[in-house]
Amino acid sequence: MVKKIFLLVTALVAFASVFTFAGEASAAGANVKVGLITLHGETSTYDLNFINATKAACEKAGIEYVIKTDIPEGDICYETAADLAKQGCNIVFADSFDHEKYLMRAAKEFPNVQFCHATGTLAHTEGLANYHNAFAAIYEGRYLSGIAAGLKLNELIKNGKLNEQQAKLGYIGAFPYAEVISGYTAFFLGARSVCPSATMDVVFTNSWYDYDLESNAAKKLIKHGCAVISQHADSMGAPSVYEAEGVFNVFYNGTLLESCPNTFLISSKINWVPYFTYIINCVKSGEQIATDWTGNLATGSVELTKANKKAAAHGTDKAVAKAKKAIEAGKLQVFDTKNFTVNGKSLTSYMADVDSDPNFTGDKEVISGGYFHESEYRSAPYFDLKIDGINVIE
């Protein structure tokens, strides 16, 4: 019945689809209602991840939720957030970076509603009691998936398909933002930890979701000799190329077992259920939601699929599990400065732009104890170093 209602509304509303679920609310949670705003719909792997998490957390809590999809980063986001607040949502969450200023506008207008936002940067400087940023240390998952990619390069070298100098990775990035740079650098460092000769080419699409641009980026990376390709972009455009071309791939926010059974290696994602559960419980109990919240492997907020045994190198799951355990124990730092250089030099200091001014001026020392402290001073990534071994191509 719920599915039928959703399909009906989707058909009637061209611009933004709306999905509402009224759970069998317990007495404790009867006054909690969640509104979700997504940039795209369910065809976007990124947005689908939030949609699924919202449904899972709310249905487990027995509370009502409303999902509004295809909401652009403009005044319509404010209008949607305000409408959700007027509908009785006392938690409103938006999932795209440039939703932030519009969501904050709504937060100022509705002080009794909690507004939460993924990948935003302003909660810790704006000081609004009802506005919060959240993200997860997905760089941990990217690093682990990089290990799978590096092991595959080693296998290809061992089998005579490549030599060490041809051990090249590819990466499709949406925008040259810190969030994307942090992810692809972690992926590269994971690969380098097992395949020291690895290099990587990166192509930016300058779009979070564009099937054709992502497909063309994959083709360009293949022409550049990339043997394993990953991505931080949200369509299935790139995966549509891999199986036909016989190119191994590492995915994000899903699995390619069905569409790329012979080339898919592994995938990482942020699991948003722990965060949605946390904010629901905070509202139920009257507890203040953290200004910045960062989940990680240990909180169950960063997840990996099992390696695809048909394509991944032998021993991948074991190697990934060993590194995962070391990260969770604090014995392995993803951005250990011993493992990368910038312009041929190791770094002992770096001032990052944590407070997000328009000129990206560094304001916080983020290297200490021998590593770059990513996502510790705010939830959104701020690692924007251009390290050696990674080449951005036009």
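Guide: The count of aromatic pairs here is 26. The model is predicted: local features need pLDDT of at least 70, side-chain atom pairs count only at pLDDT 80 or more, and totals for chains, interfaces and linings use all residues. Residues are numbered from 1 along each chain as its sequence is written, and side-chain values use heavy atoms, without hydrogens and water.

Visitor: Why is the aromatic pair of tyrosine 275 and tryptophan 293 called tilted?

Guide: Rings of Phe, Tyr and Trp (its six-membered ring) pair if their centres lie within 6.5 Å; planes under 30 degrees apart are stacked, over 60 edge-to-face, the rest tilted. Tyrosine 275 and tryptophan 293 are 4.9 Å apart centre to centre, with 50 degrees between the planes, so the pair is tilted.

Visitor: What makes lysine 152 count as lying over the face of phenylalanine 248?

Guide: The rule wants NZ of Lys or CZ of Arg within 6 Å of the ring centre and within 35 degrees of the ring normal. Lysine 152 lies over the face of phenylalanine 248, 4.2 Å from the ring centre. The charged end of lysine 364 sits over the ring of tyrosine 377, at 4.6 Å from its centre.

Visitor: Why is cysteine 195 called buried?

Guide: Buried means under 20% relative accessible area, exposed over 50%, partly exposed in between (1.4 Å probe, protein chains only). Cysteine 195 has 1%, so it is buried. Cysteine 226, with 5%, is buried too.
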